[in-house]
Amino acid sequence: FKMGVYDRAVKDYTRALEERVQESLTIPYAICTPQARVGIYLAIQAGIPEGSEVILSPNTIADVINMVICAGAKPVFCDIDPRTGNLDYRLIEDLITPHTAGIMVTHLYGLVAPMDEICAIAKKHNLLVIEDAAQAFGARQNGVLAGSLGDIGIFSFGMAKNVMAFFGGMVVTKHKKIEIKIRDSISKYPTISSSKLRNKAFSCLIKDIATINIVFARVMFPVFRFGYKKNISRITKLIESELDLTRKLAFPNTYKERLSATQASIILGKLPMVDRDYHHRLKCALIYHNGLKDIPELLLPPMHSDGSHVYNYYPIGYQKRHDLRLFLMHHRRDIALQHIKNTADLPAFKEFYRDCPHSREWASNTIMMPNYPKYNLAEVEKNVKIIRKFFGN
């Protein structure tokens, strides 16, 4: 490609993707972004006056909080509903002040938050509602797709998401003024370089190969199990994500990119598989739920088959998760600890500290059970069997 032709290709593919999402969500505006977190930054910058407060869940990654701060807003932590891991709408109104301008809702693990109640509160107090739907592409509530329930929605196309394109994201909105501001900002960014995209793709490929059943069982699993048992950080960090828990003082230059034509074309090709993959995850969720629901020590996610939970992950909560994880690893089960921290407790955000005990429990108790589209249902049943064995059932 000559540069002019490449620029046209980027515009053609990204615009086609934007139009496809606009049509699917029945929403007037969609803008491609390089990552979901960049979408959050741009949404806050475009919709929230500088210095205003945004009420949000602490049960999220540190960089989400960084994006709110870098965009000029103040995060106000609101604890979660212990049954769902999502923002507890019953606590929101007590946190509203004359400086509050918005509520940011995270649809954690693909479970749509109670948007009717949250939007009613926002309307009463004239607040903007931003949906962090990074893990909830394709989820719906009362037939309306997540991301289009509030004023602005943000999606992710990164690793382990419903649609994966070696990173990437999207912002959707109902408001023309917000769309103009976001599109103007992102138009100044260069397209992600081909070398950086190749590196991301190679990293994803290595992880994909490592999780092939025979490779994982014979090569990777013994290494990970040894590292976890001996607490060897050089090994354990290889299977952890979002390790950077530091405060960002400014929006990083490395985030100032645009989605490439290649990424947009990949996403367009994968959109028809969203429903198929959801039904596989739902089957996994049903096996986990039916097999574990009688164990009182476990906290399981709500079981919904109406599309309001797309089970991007299947989390289970247990107070002695270290013991359970060791037991599962001893039996060669492919599981991981939740990577999300209680951001309200992080030293980086001590300026905004608020006691959120339920989020703290989620951060320390949650184990992620595998349910990705290529994961065999027979393996899910084995996981259930081993967990029941741990509890003496």
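In the predicted model, three strands form an open sheet with antiparallel pairing, in the order S11-S14-S12; helices (H or I, at least four residues) and strands (E, at least two) are DSSP runs numbered from the N terminus, and two strands pair if DSSP finds at least two bridges between them. Strand S11 (314-317) and strand S12 (336-337) stand at the edges with a single partner strand each, so one side of each lacks a neighbour in the sheet. Four antiparallel bridges join S11 to strand S14 (residues 366-369), and Tyr314 stands opposite Met369 in S14. Helix H11 (residues 321-330) lies across S11, S12 and S14 and runs at about 25° to S14. Contact means heavy atoms within 4.5 Å; axes are lines fitted to C-alpha atoms, for helices over the stretch in contact, with angles from 0 to 180 degrees between N-to-C directions.

Strand S9 (residues 152-156) pairs with strand S10 (residues 169-173) in the antiparallel sense over five bridges, and Met170 in S10 is the bridge partner of Phe155.

Residues are numbered from 1 along each chain as its sequence is written. Local features need pLDDT of at least 70, side-chain atom pairs count only at pLDDT 80 or more, totals for chains, interfaces and linings use all residues, and side-chain values use heavy atoms, leaving out hydrogens and water.
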